[in-house]
Amino acid sequence: MGAGLSGIGAGYRLQTKCPAQSYAILEARPEIGGTWDLFRYPGVRSDSDMFTLGYPFRPWKDAKAIADGPAILKYIRETARECGIDRHIRFRQRVISAAWSSQDARWMLDVQAGENGETVRYTCNFLYGCTGYYRYDAGYQPDFPGAENFRGRFLHPQHWPENLDYSGKRVVVIGSGATAVTLVPAMAETAGHVTMLQRSPSYILSIPAVDRIAGWLRRVLPEGPAHRILRWKNILVSMVLYQLSRRKPQFMRGLFRKIAAGNLPAGYDVDTHFKPKYEPWDQRLCLVPDSDLFKAIRGGRASVATGEIETFTERGIRLRSGEELEADIIISATGLRMVALGGVKLTVDGAAVEPGKTFIYKGVMLGNIPNFAFCVGYTNASWTLRADLSSTFVCRVLNHMKRHGYRVCRPECDPEGLEVKPLLGLNSGYVLRAAADLPKQAGKKPWIMRQNYILDMLTMRLGSLEDGVLKFTRAVAARSAEIREAIPAD
Ligand SMILES: Cc1cc2nc3c(=O)[nH]c(=O)nc-3n(C[C@H](O)[C@H](O)[C@H](O)COP(=O)(O)OP(=O)(O)OC[C@H]3O[C@@H](n4cnc5c(N)ncnc54)[C@H](O)[C@@H]3O)c2cc1C
């Protein structure tokens, strides 16, 4: 399910590692690309480098390591086309529910199909959710008092209007996350002035958009080895940055503050606007390419206001401090609404599955749900690193089943005694709002969702599949046993 970055990667792994399996990708939208097709706001870009956000099997060739949305979309589409994955995609097929039948050892999917949304049914032996992590129909929009009074344009970046003319206009962007720090410098290029209005600051780190080492390595090495070295370089750099942040938070807090101060004009109030209240990596770190946000602030084209909104007014926003921000356009970069498993309702032999009450197995399957996997990326590194490990793991499971004639695999889970921990270890608003509905992890293996690529790689690529938890059965035998049981004894 899903033809975004993960679904296309999954298609590639399936057809190369399990060539005897047939597969179809059901995509709710009429296009490939997911996130990178949906978001159209000015400046939309990755904040991970493309050597790790791109696929390991298809080198990223552009000069820019921090790429813009259209370049990423092109890359995903080209991968799908060149590898023939696009032939497997059925568009406008929104999976509404999936019902597992142990008797038939298969899933029956109810799918809203085509423009009219008629219901069609598919069956499959194994279901893999590459549905991303948030709702596509609506972003998160708090109820701002007085919003109805504002006379200008008020919008959410998830629904960017085509041809919005903001040149010369006064813009307020509410938020301090990845979207806000992307929008502000991009809009500041032509807007009259852009204010980033934040309740509290985030950690912001500037990185070069173009990786110089990449340019050099590509000149001296063939494409494949250069790509592999760059990928590993960036994996290790991000791991070191994360580990340092968690282990030496005070040192990293100081470092981030110093970097911000060095990028801002002399006398700037760094502590009010760029000193977060949380520890580094309690929330995702915001990366900006080539200091673009800081440059916009230095150039006077953008500014930061930190405070709580009292009310929207006819002409803008009034803060609790009394400060008034006049605006022609207000953008609510207030985030996403997370959703578990693409909103698909799962049942197992008629019993509804509540995702929030399940435990994740090796970060890819769900306790007691047969022949089902889903793809979640890292929060502390590029999504694709983990997505690709998940797909590789699914292929290993499928091949193992084929080799041994198994029809069912199911991580056997006794929740009794398992410590309930949130799936994602971030305290960002969008994660906390959804935590109850997302699968859980426990404090011990294999019911954990790691944020560590090297450990995951060892477990998911090399770890034994017959670990005593993942139970494999030959359904035909199970079925005949059931039939035998059902026959009354003489
Ligand atoms: C603006 C933005 C910037 C980001 N930048 C980064 C970054 O720099 N680095 C990083 O690691 N991550 C980033 N992310 C996270 C990003 O979502 C992932 O990197 C990646 O694109 C996720 O790919 P995906 O295919 O798993 O999910 P998505 O891109 O969300 O694609 C999911 C697909 O599944 C389809 N789908 C969902 N439900 C159903 C259903 N029920 N039936 C059928 N189809 C369904 C959707 O229509 C969609 O096409 C960013 C996210 C956003 C919103």
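Of the 490 residues of the protein chain, 52% count as buried, meaning under 20% relative accessible area with a 1.4 Å probe and protein chains only. The model is predicted: local features need pLDDT of at least 70, side-chain atom pairs count only at pLDDT 80 or more, and totals for chains, interfaces and linings use all residues. Residues are numbered from 1 along each chain as its sequence is written, and side-chain values use heavy atoms, without hydrogens and water.

The protein chain holds 14 helices and 25 strands. These are DSSP runs, with H or I over at least four residues for helices and E over at least two for strands. The radius of gyration of the protein chain is 24 Å, close to the 23 Å of the globule rule for 490 residues, so the chain is as compact as a globular protein of that length. The radius is taken over C-alpha atoms, and the rule is 2.2 Å times the number of residues to the power 0.38. The C-alpha atoms fill a box of roughly 90 × 55 × 45 Å along the principal axes.

Contacts are heavy atoms within 4.5 Å. Among those with a separation of 6 or more, 71% join residues 24 or more positions apart.

A disulfide is a covalent bond between the sulfur atoms of two cysteines. Here it is counted as a pair of cysteine sulfur atoms within 2.5 Å. The count comes to 0. The sulfur of Cys-18 lies 3.8 Å from its closest cysteine sulfur, in Cys-395, too far for a bond. Cys-18 is buried, at 2% relative accessible area. For Cys-124, the closest cysteine sulfur is 12 Å away, in Cys-409, also too far for a bond.

Definitions and conventions. Buried means under 20% relative accessible area, exposed over 50%, partly exposed in between (1.4 Å probe, protein chains only).
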